[in-house]
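Here is a friendly briefing to read with the model open beside you.

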Amino acid sequence: MLSPVGAVDDLVRRLLWSTSVTRRHHTSDQVPEGSTRDHVGWVRTSVTVVDRIVTWWHGTPRS
């Protein structure tokens, strides 16, 4: 997991109380070969996470 659900919820409540929240889950089938989706492991091969963030931010996949 990138972050425990409770920690994210607490952060949102304290710092981002007036914003909407979009929650995405990085599932096991989305993890590239040789990587993990644990708290630090996903950074080593972060392209799938980065692509999802870019798509969410801009509304279209990056090319």
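Arg13 counts as exposed, because its relative accessibility is 56% (exposed means over 50% relative accessible area, buried under 20%, and partly exposed in between, with a 1.4 Å probe and protein chains only). The model is a predicted one: local features need pLDDT of at least 70, side-chain atom pairs count only at pLDDT 80 or more, and totals for chains, interfaces and linings use all residues. Residues are numbered from 1 along each chain as its sequence is written, and side-chain values use heavy atoms, with hydrogens and water left out.

**Salt bridges**

- How many salt bridges does a search of the whole structure find? The search finds two, where a salt bridge is a side-chain nitrogen of Lys or Arg within 4 Å of a carboxyl oxygen of Asp or Glu.
- One of them joins the side chains of Arg13 and Asp10, at 3.7 Å from N to O.
- Asp10 also forms a salt bridge with Arg14, and here the closest N and O atoms are 2.8 Å apart.
- Together, Asp10, Arg13 and Arg14 are linked in a network of salt bridges.

**Where the network sits**

- Arg13 and Asp10 both lie in helix H1 (residues 5-15), three residues apart, or about one turn of the helix.
- Asp10 and Arg14, also both in helix H1, are four residues apart, again about one turn.
- An α-helix has 3.6 residues a turn, so residues three or four places apart point the same way.
- Asp10 is partly exposed because its relative accessible area is 28%, while Arg14 is exposed, at 62%.

**Helices**

- The protein has three helices and zero strands; these are DSSP runs numbered from the N terminus, with helices (H or I) of at least four residues and strands (E) of at least two.
- Along the sequence, the pattern reads α-α-α.
- Helix H3 (residues 47-58) has 12 residues, so at 1.5 Å a residue it should span 16 Å, which agrees with its end C-alpha atoms being 16 Å apart; the expected span is 1.5 Å times one less than the number of residues.
- After H3 comes Gly59, whose phi is positive, near 85 degrees.

**Whole-chain totals**

- Of the 63 residues in the protein, 10% are buried.
- Among contacts with a separation of 6 or more, 34% come from residues 24 or more positions apart, a contact being heavy atoms within 4.5 Å.
- The accessible surface is about 5300 Å², and carbon and sulfur atoms hold 59% of this area; areas come from the Shrake-Rupley method with a 1.4 Å probe, and for residues only the protein chains shown count as cover.
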